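Subject: Structure for you to look at

Hello,

Here is the structure I said I would send. My notes on what was found follow below it.

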Amino acid sequence: MSTFASRLEEALARIRARSEYRTLRPAVPVLGGKLVRDGRSFLDFSSNDYLGLSQHPLLRQRASEWAELHGAGSGASRLVSGTSPLHVAVERKIAAFKGAEAALVFASGWQLNAAVLPALLNAAPDALVFTDRLIHASLHHGCAAAAVHEIRFRHNDLAHLEALLAQHSGKAGPRLIVTESVFSMDGDRADLDRLAALARRHDAFLYVDEAHATGVLGPRGAGLASNLPGAFDLVMGTFSKALGCFGAYVAGSRLLIDYLVNCCGGFIFSTAPPPSMLGAIDAALDLAPQMEAERDKLAQLGVRLRARLAAAGLHSGPSSTQIVPVIVGEAERTLALSGALASEGMLAAAIRPPTVPAGTSRLRIVLRATHEAEDIDRLADTLARRLS
Ligand SMILES: *Cc1c(COP(=O)(O)O)cnc(C)c1O
């Protein structure tokens, strides 16, 4: 083994010692919010397929139709061989859904955040970047790739953000604020009204990640930023969660999108998304805006689970959405609880550091419109029994 490879081995040994070692386990999603693993069927509380769209016939059909008609791959970057009418049409549809002037599709949400932030900051290397402490790893990665120092405010603490903005008011350079509308590990929401007012007062550019709100919250499921048209400079989200397929969008002004087409390496040097992916996105955008009944049901399931957990004395933090954490504390105990749930036929992911801060390991329970009230009760009863 080379000296370099032995470093990898040492790194994995340290991860094992912290009970943070991960493996890829085979599992197959099936209809009705279930998952088959090791030949056993589980009730799944781990996937982000909030509306159950990943198995919807219209998405499957349009994905295969567009692949049949236009091919399996797109061949090159859109700036090299020209952009297809499919991309243009789907981006128009996204822009209309989000109430934005323009939109651009990326390969994934992770790739988008990791590429768009450094592209933006390239135009303003003197920018002061204010970030919520709990933003997604891809957003931190984008800041790191831009080599900017993040000025982090306490999670959802806008008084702290305001104090930091005031503290740095003597400094030159444009302001950028980065946050999420729904936080992926806590299931709580940012106060976007206050944030928008704050950004306006401080002449800050506001970057909002709507990965977990897109399709689920806001008018016609367009996300929480759509409650305040024009208040946000950049809104991104993924098609990989509630919209049931794959890829991501950034929506904003024509100026913003033109800038990204010209200056974002992750767009310029990456092959255009394939027809099958665009077909699935197109179908999801036809369906999701009308799924009010599913969105209502999802909200009801969340209310039910939080009430059940609270009644059992369990702590689900500030969640107000379809993501409901059960905060356990230690990584090892959380893993054991996840294992115990699995032994009773239910899957919920144990989320450990470095995904969440040390001492806040949790089960991340993800609800879906395909769950039933009895499923929630069974889960809550089992957790209450296991944790008491
Ligand atoms: C899942 C997620 C992403 C990444 O999106 P993918 O399309 O899965 O790569 C980005 N931001 C947040 C907040 C997420 O939860």
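The side chains of D186 and R362 are joined by a polar contact of 3.3 Å. Please bear in mind that this is a predicted model. D186 sits in the loop between β7 (175-180) and α8 (192-201), while R362 belongs to strand β14. D186 counts as buried because its relative accessibility is 10% and the cut-off for buried is under 20%. R362 is buried too, with a relative accessible area of 3%.

The side chain of R362 has other polar partners. One of its polar atoms lies 2.9 Å from the backbone oxygen of M185, and the side chain of R362 also reaches the backbone oxygen of T360 at 3.0 Å. Not counting residues up to four places away in sequence, R362 touches M185, D186, P325, V326, I327, V328, T334, A349, A350, I351 and V356.

D186 and P325 are 139 residues apart in sequence, but their C-alpha atoms are 5.9 Å apart in space.

The chain is split into domain 1 (21-51 + 292-387) and domain 2 (57-289). Their C-alpha centres lie 27 Å apart, and 20 residues of domain 1 are in contact with 21 residues of domain 2.

The core has 111 residues, of which I177, Y207 and L383 touch the most other members. Helix α11 (residues 275-287) gives the most to the core, with eight residues. As for L383, its contacts beyond four places in sequence are L309, L314, V326, L337, L341, L363 and I365.

Q322 is another residue to look at. It is found in the loop between α12 (292-311) and β11 (323-329). Although Q322 is in a loop, it is buried, with a relative accessible area of 2%. The side chain of Q322 reaches the backbone oxygen of H212 at 3.0 Å. Leaving aside neighbours within four places in sequence, Q322 is in contact with Y50, H212, V216, L298, I365, V366 and L367. Q322 and L341 are 19 residues apart along the chain, and their C-alpha atoms are separated by 19 Å.

H212 leads on to the ligand. Which of the 14 residues around the ligand come nearest? They are G109, W110, D209, H212 and K241. Helix α5 (residues 109-123) supplies the largest share of the shell around the ligand, three residues.

- K241: an N or O atom in the side chain, at 2.7 Å
- S240: a polar side-chain atom, at 2.9 Å
- W110: a backbone N or O atom, at 2.9 Å

Taken alone, the ligand exposes 380 Å², and the protein buries 86% of that.

Last, some points on backbone geometry. Most residues other than glycine have a negative phi, and most peptide bonds are trans. The following go the other way.

The peptide bond from P353 to P354 is cis, with omega near 10°. P354 lies in the loop between β13 (349-351) and β14 (361-366).

N156 is not a glycine, yet it has a positive phi of about 55°. N156 is in the loop between β6 (150-153) and α7 (158-167), and counts as partly exposed at 25% relative accessibility.

R220 also has a positive phi, near 55°. R220 is in the loop between β8 (204-209) and β9 (234-238). R220 counts as exposed because its relative accessible area is 51% and the cut-off is over 50%.

Regards

Conventions. Residues are numbered from 1 along each chain as its sequence is written. This is a predicted model: local features need pLDDT of at least 70, side-chain atom pairs count only at pLDDT 80 or more; totals for chains, interfaces and linings use all residues. Side-chain values use heavy atoms; hydrogens and water are left out. A nonpolar core is a set of buried Ala, Val, Leu, Ile, Met, Phe, Trp, Tyr and Cys residues joined through side-chain atoms within 4.5 Å. Buried means under 20% relative accessible area, exposed over 50%, partly exposed in between (1.4 Å probe, protein chains only). Helices (H or I, at least four residues) and strands (E, at least two) are DSSP runs, numbered from the N terminus. Contact means heavy atoms within 4.5 Å. A residue is near a molecule or strand if one of its heavy atoms lies within 4 Å of it. A polar contact is a pair of N or O atoms within 3.5 Å; within protein, one must be able to donate a hydrogen and the other to accept it, and residues adjacent in sequence count only if both atoms are side-chain atoms. Accessible areas come from the Shrake-Rupley method with a 1.4 Å probe; for residues, only the protein chains shown count as cover. Domain bounds come from an automatic or database domain assignment.
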